[in-house]
Amino acid sequence: MRASILQKMKIASPIKEMARIQAKGGGKKEKSLFFSLNLTTLIDAFCILVIFLLSNMNGQLKNLEVSKNMILPSAKISDTMADGLVVKIENNELVVNDKKISRDDIAAVLLKAKTSETLALIIQADRKSDYENIGLVLRAGGQAGYEKYVFAVLPGT
Amino acid sequence: MGMTQGSKNKKDLNVELNLLPVFDVLSVCICFLLMSVVWVEIRSLETKQAVGSQSKAESTPISSVWLTVDENNNLTVMYKPAKGKTTSSFVPRKNGDIDFDTAKAVLAAAGTKKYEATHILPAKTTKYDQVIRLMDLSKQAGIRDIGLSPI
């Protein structure tokens, strides 16, 4: 005879329910619902992930923010980014420390921003920029006394 | 084995470490590292000014290749050995752009002839991408010392 829903859904006593969860292994059908999840392998995998991510952080301490409209040129042979003063060339406008600079003031601004630690001038420009703007920054950098010029590029394939 | 069952003073030597806190710490670490990781790393190409950065006294003559780009993207290559005569060759543009294939061959040949430096003299209208590409080709040819002339 088919069992009724009421029979299936009958509320067992709390003691009986606990006995079901923490079964002592008396009956064949009664199995404990407590089980220990083996976390050792999971922690091993996590450790490998953490070490991999930490090792990948090398060279990323100095990274530049590139706006969406700017597409950097790519180069097959390139170095890690050095420290220095970043000059952005966006839509034929010069930006130093997130401030737009006029072409006449660029040399003075670069000279003012120069410290004993910032010897390099990092030039970040769109790939379609005219060399006229780059040359202007190079000239101004020369006047300000920068020794090294660094061009921001994407790693090429 | 290590377990003692009879005496009261001796404890079980099999200790089960609670790995859940370790698991939590590692999860936080992974989340932080994944958020802070930079997927597209920006690299750099270093150069110096080809003209006007050194005094005449400290500049010793080295063999160098001078690449002059005109406004029509034609390339003039001048070979200036440390001792000897300067020679030049002309690389006309190709499809409106600099003929990079020929430029690559020219620079590769200069690299095998132990030229130490490349000086690039672009025009005002030369694109930044073209300059970087010439610099990259020089580095690929083994010429590490690259100079760039301001206009």
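Where does A:Asp98 lie in chain A? A:Asp98 lies in the loop between strand E3 (93–96) and strand E4 (99–101) of chain A. The legends below come back to that loop.

This is a predicted model, in which local features need pLDDT of at least 70, side-chain atom pairs count only at pLDDT 80 or more, and totals for chains, interfaces and linings use all residues. Residues are numbered from 1 along each chain as its sequence is written, while chains are lettered from A and ligands numbered from 1 in the order in which they are written.

**View 1. Chain A from end to end.**
Chain A has five helices and six strands. Helices (H or I, at least four residues) and strands (E, at least two) are DSSP runs, numbered from the N terminus. From that terminus on, the order is α-α-α-β-β-β-β-α-β-α-β. Of the 157 residues of chain A, 23% are buried. A residue is buried if 20 or more other C-beta atoms lie within 10 Å of its own, exposed if 12 or fewer, and partly exposed in between; the C-beta atoms are placed from the backbone. Two residues are in contact if their C-beta atoms, placed from the backbone, lie within 7 Å. Among chain A contacts with a separation of 6 or more, 68% join residues 24 or more positions apart.

A:Asp98 has a positive phi of about 65 degrees, although it is not a glycine. Most residues other than glycine have a negative phi. Is A:Asp98 buried or exposed? A:Asp98 counts as exposed, because it has 8 C-beta neighbours inside 10 Å.

**View 2. Helix H5 of chain A.**
H5(A) covers residues 131–144. At 1.5 Å a residue, its 14 residues should span 20 Å; the end C-alpha atoms are 20 Å apart, so the two agree. The expected span is 1.5 Å times one less than the number of residues. The buried residues of H5(A) are A:Tyr131, A:Asn133, A:Ile134, A:Val137, A:Leu138, A:Ala140, A:Gly141 and A:Gly142. Just after H5(A), A:Gly145 takes a positive phi of about 95 degrees.

**View 3. H4(A) against H5(A).**
Two packed helices are described by the angle between their axes and the distance between the axes. Helix H4 of chain A covers residues 106–113. The axes of H4(A) and H5(A) come within 8 Å and cross at roughly 50 degrees. Axes are lines fitted to C-alpha atoms, for helices over the stretch in contact, and angles run from 0 to 180 degrees between N-to-C directions. That angle makes H4(A) oblique to H5(A). Angles under 35 degrees count as roughly parallel, over 145 as roughly antiparallel, 65 to 115 as roughly perpendicular and the rest as oblique. The crossing is right-handed. A crossing is right-handed if the near helix is turned clockwise from the far one by less than a right angle, and left-handed if anticlockwise. On H4(A), the contact uses A:Ile106, A:Ala107, A:Leu110 and A:Leu111. On H5(A), the partners include A:Leu136, A:Val137 and A:Ala144. The residues of this contact divide into eight nonpolar, two polar and no charged. Ala, Val, Leu, Ile, Met, Phe, Trp, Tyr, Cys and Pro count as nonpolar, Asp, Glu, Lys and Arg as charged, and the others, Gly among them, as polar.

A:Ala140 lies in helix H5 of chain A. Why does A:Ala140 count as buried? A:Ala140 is buried because 23 other C-beta atoms lie within 10 Å. Leaving aside neighbours within four places in sequence, A:Ala140 is in contact with A:Ile106, A:Ala107 and A:Leu110. A:Ala108 is 32 residues away along the chain, with 8.1 Å between the two C-alpha atoms.

**View 4. H2(B) against H3(B).**
Chain B has three helices and six strands. Helix H2 of chain B covers residues 100–112. The axes of H2(B) and H3(B) come within 9 Å and cross at roughly 35 degrees. This crossing is right-handed. B:Phe100, B:Ala103, B:Lys104 and B:Leu107 of H2(B) make the contact with B:Arg133, B:Leu134, B:Leu137 and B:Ser138 of H3(B).

**View 5. Chain B meets chain A.**
Here 38 residues of chain B are in contact with 47 residues of chain A. Helix H1 (20–36), strand E1 (43–49) and helix H3 (128–140) of chain B each supply at least two residues of the side that touches chain A. The residues of that side divide into 21 nonpolar, eight polar and nine charged.
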